[in-house]
Amino acid sequence: MENNSVVKIDNLVKRFPVGGDFFTALKNVNLNLAKGEFSGLVGPSGSGKTTLLNIIGGLDSPSEGHVSVLGMALNNTSHGERARLRRKSMGFIFQSYNLLPVYSVFENVELPLILNKVNRTERKKRVTQAIEWVGLSDKIDSRPAQLSGGECQRTAIARAIVHQPELILADEPTANLDAENSHHIMKIMVGLNKELSTSFIFATHDEKIMAYLRRIIHLDDGQITEDEQIDNPKFGQ
Ligand SMILES: Nc1ncnc2c1ncn2[C@@H]1O[C@H](COP(=O)(O)OP(=O)(O)O)[C@@H](O)[C@H]1O
Ligand SMILES: [Mg+2]
């Protein structure tokens, strides 16, 4: 297997049980993503974006087919092994930020490093760096309730990147943000992709996000209908 493969999906089907029957949310999906891709799953609400992202993140399991992420065949792994892969190598960004309200910005961003048993000195260094990266150094001791939506999402980005994961999954990250904040967080993520070759998969129907992508995977009714590579000038040379 090529070592720069980040995601490899073959003949994926996902069915959900619904009232004694099944609803098929993903219908024979095939997808390959290489290291460093800045890609998005784009499609209308209900097209299967979140379901596909959750399966890639090991948060949900396929009904049929084969899914391999960062060299690990998810079909044959235990719950614990998938959790370890997520903790070490993935970052998650959600529409709703998912910050812990009683923790400060620093403490929220520190969590993945605590889970990865990084020592205190190293944690302080990396958390400070990640917060600086997203431009929130002046809010490092604030609690989420004292932040704007854009600042909350920047905290969530810092938390997603602090352990320098290979893959970041972002589900509708700009859904609760205004245009200015949306552009701001997308620029931060483009910077990360350029600097660290972090791979990204967004799920979105936001045109503002689409303008930043280098690959747009169109989903409709649980199927990939188009897969576009984009020569995006935002990435320069
Ligand atoms: N746990 C579930 N049980 C039943 N149906 C589900 C479940 N999760 C998602 N679905 C259905 O699968 C389809 C795709 O959902 P989703 O992946 O959330 O779409 P999107 O993120 O593109 O809006 C929708 O019709 C949704 O209702
Ligand atoms: Mg969704």
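Analyst: The terms are taken in turn below, for what is a predicted model.

User: Why is Lys27 called partly exposed?

Analyst: Lys27 has 15 other C-beta atoms within 10 Å. Buried needs 20 or more, and exposed needs 12 or fewer. The value for Lys27 falls in between, so the residue is partly exposed.

User: Where does Lys27 lie, and what does Lys27 touch?

Analyst: Lys27 lies in strand β2, residues 21–34. Leaving out residues up to four places away in sequence, Lys27 touches Val13, Gly222 and Gln223. Asn11 is 16 residues from Lys27 in sequence, with the two C-alpha atoms 7.9 Å apart.

User: Which residues of α3 and α4 meet, and how do they divide by type?

Analyst: Val105, Phe106, Val109, Glu110 and Leu113 of α3 meet Arg123, Arg126, Val127, Ala130 and Ile131 of α4. They divide into 7 nonpolar, no polar and 3 charged.

User: What makes β6 and β10 edge strands?

Analyst: The open sheet has 6 strands in the order β6-β7-β8-β3-β9-β10, with mixed pairing. β6 (90–94) and β10 (223–229) each have a single partner strand, so one side of each lacks a neighbour in the sheet.

User: How do you know that β3 and β8 pair?

Analyst: Pairing needs at least two bridges. β3 (residues 38–42) and β8 (residues 199–204) are joined by 5, so they pair, and they run parallel. Phe38 stands opposite Phe200 in β8.

Notes
Residues are numbered from 1 along each chain as its sequence is written. Chains are lettered from A and ligands numbered from 1 in the order in which they are written. This is a predicted model: local features need pLDDT of at least 70, side-chain atom pairs count only at pLDDT 80 or more; totals for chains, interfaces and linings use all residues. Helices (H or I, at least four residues) and strands (E, at least two) are DSSP runs, numbered from the N terminus. Two residues are in contact if their C-beta atoms, placed from the backbone, lie within 7 Å. Ala, Val, Leu, Ile, Met, Phe, Trp, Tyr, Cys and Pro count as nonpolar, Asp, Glu, Lys and Arg as charged, and the others, Gly among them, as polar.
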